[in-house]
Each structure stands twice: as structure tokens, then as C-alpha cells.
Amino acid sequence: MTSVEKVLLGSCARGRRFVATAGFVLLVLCTLGTVLVQADTYEDWQRMRDIPRSGYVANRAGSRIEIDGRLDDAAWRGARWSDRFQDIEGNAKPRPRFDTRVKMLWDRKYLYIGAFLPDPHIWGTLTEHDSVIFHDNDFEVFIDPDADNHEYYEFEINVLNTGWDLFLDKPYKDGGKADNGWEIPGLKTAIHIEGTLNDPSDIDQYWSVEIAIPWKALSRHSHRRYPPSAGDQWRINFSRVQWQTTVVDGKYKKVPDVREDNWVWSPQGIIDMHRPEKWGIVQFSTQQESVVGLNPDVTANARKMLMEIYHKQKANHRKTGDWWTTLEQLGIGSAKAAGVVIEQTDAGYLAKIALPDGRTACVTQDSRLWIK
Ligand SMILES: [Ca+2]
Ligand SMILES: [Ca+2]
Ligand SMILES: [Ca+2]
Ligand SMILES: [Ca+2]
């Protein structure tokens, strides 16, 4: 660990999880608003590239859901459990110590999320809204409605029902800034504990989280219709941060110098949630019980190619200060066959691919990826 990293760990809320990720930090600005420009290497991308994305079909809630932390409402019976969470780096890492799963539902007003988190030692300390919740064990939600890698939402909650809602204009690695001032008006959350809180004298069973996010709160930056229509797909991921604790004088204390575990629904490949291109796909269904299949993402191949280009460009730009403008320079053999076109722009470049359905997928040097 370098001295720069130590300063970061001490002073920067989000720094820890980036430092652990990247190995080195190119340029770091850590202020109240938490601004980070993180090294983003081609090697990172190679570890992310081929990890499959998780998928889930969210049914429509058939009846009212009481937000009390208990997932025993009749409506929840119409929702399947997700696959169990994996390590954030994927299946190559050991299976998480505790199984975590989520359910999702929706209705005209809300997106509902229910999470089940087994834990033999239920522990939490933070009570101030918008504090750095992942310093406790937590459950986290990430939402990029239009899957453009920019303008996305993050929400973290601990067992004390303390929340941290924030909005990012773009990922930290692209110079994004976290806006903690972003709030979710009308948000409803509750926690249920099966066991005892902050009492190490027994073995606990689980805590569960019940969340209702008003669609309206997501509308401003979503660029999608809300509530969604049947078949609409949004990019969402969930993460559970779990610290190792020990007992000192009858109280839980974090085991010193042990990094937190990050267990996620859709694995990222590296220890960084701020790579929306790896988040899972949530498809909305108007069914209440039956299960509709996940529609294939016809943009998936083009997206992967464009992110390959983005990372190659970034690696070269870091080395030379230049953006490539020809396919030959990129050295991606399949780019030509895929019909990639690169244009120079004032800010950098625009790379695009024609999709079979007549639309065009585009990416720019800041990882913004959109379909037009
Ligand atoms: Ca409930
Ligand atoms: Ca977005
Ligand atoms: Ca906030
Ligand atoms: Ca306990």
C-alpha cells in the first residue's frame, strides 16, 4: 500500500473499494463531494469482459405490500428468488460465506425490492442518513435505467434502516461525481431481524430488507418511461458488503486489516461496482404469478465490442495522449467485420456500430454508451 493509498483510506469514503481494485491510482481528487478519477486498466476489462450478466423478470405486484421488512406479503409469493449472490469478482473466487438473494416486484407507483441476508452476527452502527453505509454491513442497490453507463442511482442501507441515496453523473473512473444531496422522496424502507441486534451472546438467523422506490423519484435522469411497460429492461445490480467481526468486551469490532467482502447479484469481475456495463438485466412483466422468459439483449454484442474499444482507447490515451481514429490502430481483429466506425470529436472520439434492427450503438471516451 502506498502512502497515497493510505491517505485515501483514511479520508475518502469511496476510496477503499477503488484502491483495493485497481492497485494504483492515477489521479485522485478527494473532496467533500468525493471526486475520484480511478485508474481503469485494460487488464481490469479483460477480467470483466466474459463474465455473464445475471437476469431477472420482475412481476407486477398482485396486492398491496406492507413495507415492514417482512417478505411475507401475499404479493411476494408471486416473485421468484434471484440466483444467490456471488463474489464481486465472479465464480473464480470462493463462494460467499452466507447466501444472499433478492426479489423484485413493481406496480404503478413503486419498484419493490426484497433482500434476504442470513447472518449469524447481526451488527450495525450507523444512524445518520447519507453516511458511508458500507462501513457497516450493508445491502446496496444500483440502477441505470437506460443502460448508458452514465446518470445512475445508488442506494445503501444497513440493519438500522439507515440509508444513503446518491446519484452519479458518470462512473468515478470517468471523472464522475457522487451527489449525496440526491434524495428519494417517498422512499419506504424497513428491516426485519430474525435474531438480536448487536448482541454477540447468541447466533442470529437473518435480516431482511424491504424497499419501495417511487418511480417518480427515478424519473429525472432515467430517460425511460415510468412505470415501465411489459418487456422493458433496466440495468440493475445489488451488492452486500460484509465485514469480518470479532467480539471485544461483549461488543462487535471489525477484525483489523481485513478487507470487506463484496457479494453481488451480477458479478463485476473486479472489485468496483461502478462499472454499470456489468450490472444485471431486470425485465418488467405485467404477470403476477407466471414467469415470462427474459428477452435476449440484441445490443449485447455491440455493447461488448464498444466497451472493448473504449478500454483499448483509454489504455493508449494514457500512454500517448492520443485517441486512435482507425480500426488498424485499435488492433481488434473483429472490429472491421462488426462494421465499427470511429470518428474524431472535439472531446475525443465516437465509435459506432450498426445494429441488425437498423439502430446504431455508440460509445465515447467517457464510457457513455447509447443506442439511437
Ligand atoms: Ca412486508
Ligand atoms: Ca443512465
Ligand atoms: Ca442523499
Ligand atoms: Ca445477535
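**Reading the backbone**

A: Let us begin with a proline: Pro227 lies in the loop that runs between helix H4 (215-218) and strand E13 (233-242).

Q: What joins Tyr226 and Pro227?

A: Most peptide bonds are trans. Here, however, a cis peptide bond links Tyr226 to Pro227, with omega at about -15°. Please bear in mind throughout that this is a predicted model.

Q: How much confidence does the predictor place in the chain, as read from pLDDT?

A: The average pLDDT of the chain is 90, and 90% of the residues score at least 70. Two stretches call for caution. Over residues 1-16 the pLDDT stays under 50, and the model has 24 contacts beyond four places in sequence for them. Residues 18-36 are also below 50 in pLDDT, with 49 contacts in the model beyond near neighbours in sequence.

Q: How many helices and strands does the chain have?

A: There are 7 helices and 21 strands. Of the 372 residues in the chain, 40% are buried. Where contacts join residues at least 6 apart in sequence, 60% of them are between residues at least 24 apart.

Q: Why is Asn149 classed as buried?

A: A residue counts as buried if 20 or more other C-beta atoms lie within 10 Å of its own. Asn149 has 26 other C-beta atoms within 10 Å and is therefore buried.

Q: Where is Ser367 placed?

A: Ser367 belongs to the loop between strand E20 (360-364) and strand E21 (369-371). Although Ser367 is not a glycine, its phi is positive, about 75°. Ser367 counts as buried because it has 23 C-beta neighbours inside 10 Å.

Q: In which sense do strand E14 and strand E15 pair, parallel or antiparallel?

A: Strand E14 (residues 245-248) pairs with strand E15 (residues 251-254) in the antiparallel sense, over 4 bridges.

Q: How many residues lie between E14 and E15 in the hairpin?

A: The hairpin formed by E14 and E15 has 2 residues between the strands. In its turn, Asp249 has a positive phi of about 55°.

Definitions and conventions
Residues are numbered from 1 along each chain as its sequence is written. Chains are lettered from A and ligands numbered from 1 in the order in which they are written. This is a predicted model: local features need pLDDT of at least 70, side-chain atom pairs count only at pLDDT 80 or more; totals for chains, interfaces and linings use all residues. pLDDT is the predictor's confidence in each residue, from 0 to 100. Two residues are in contact if their C-beta atoms, placed from the backbone, lie within 7 Å. A residue is buried if 20 or more other C-beta atoms lie within 10 Å of its own, exposed if 12 or fewer, and partly exposed in between; C-beta atoms are placed from the backbone. Two strands pair if DSSP finds at least two bridges between them.
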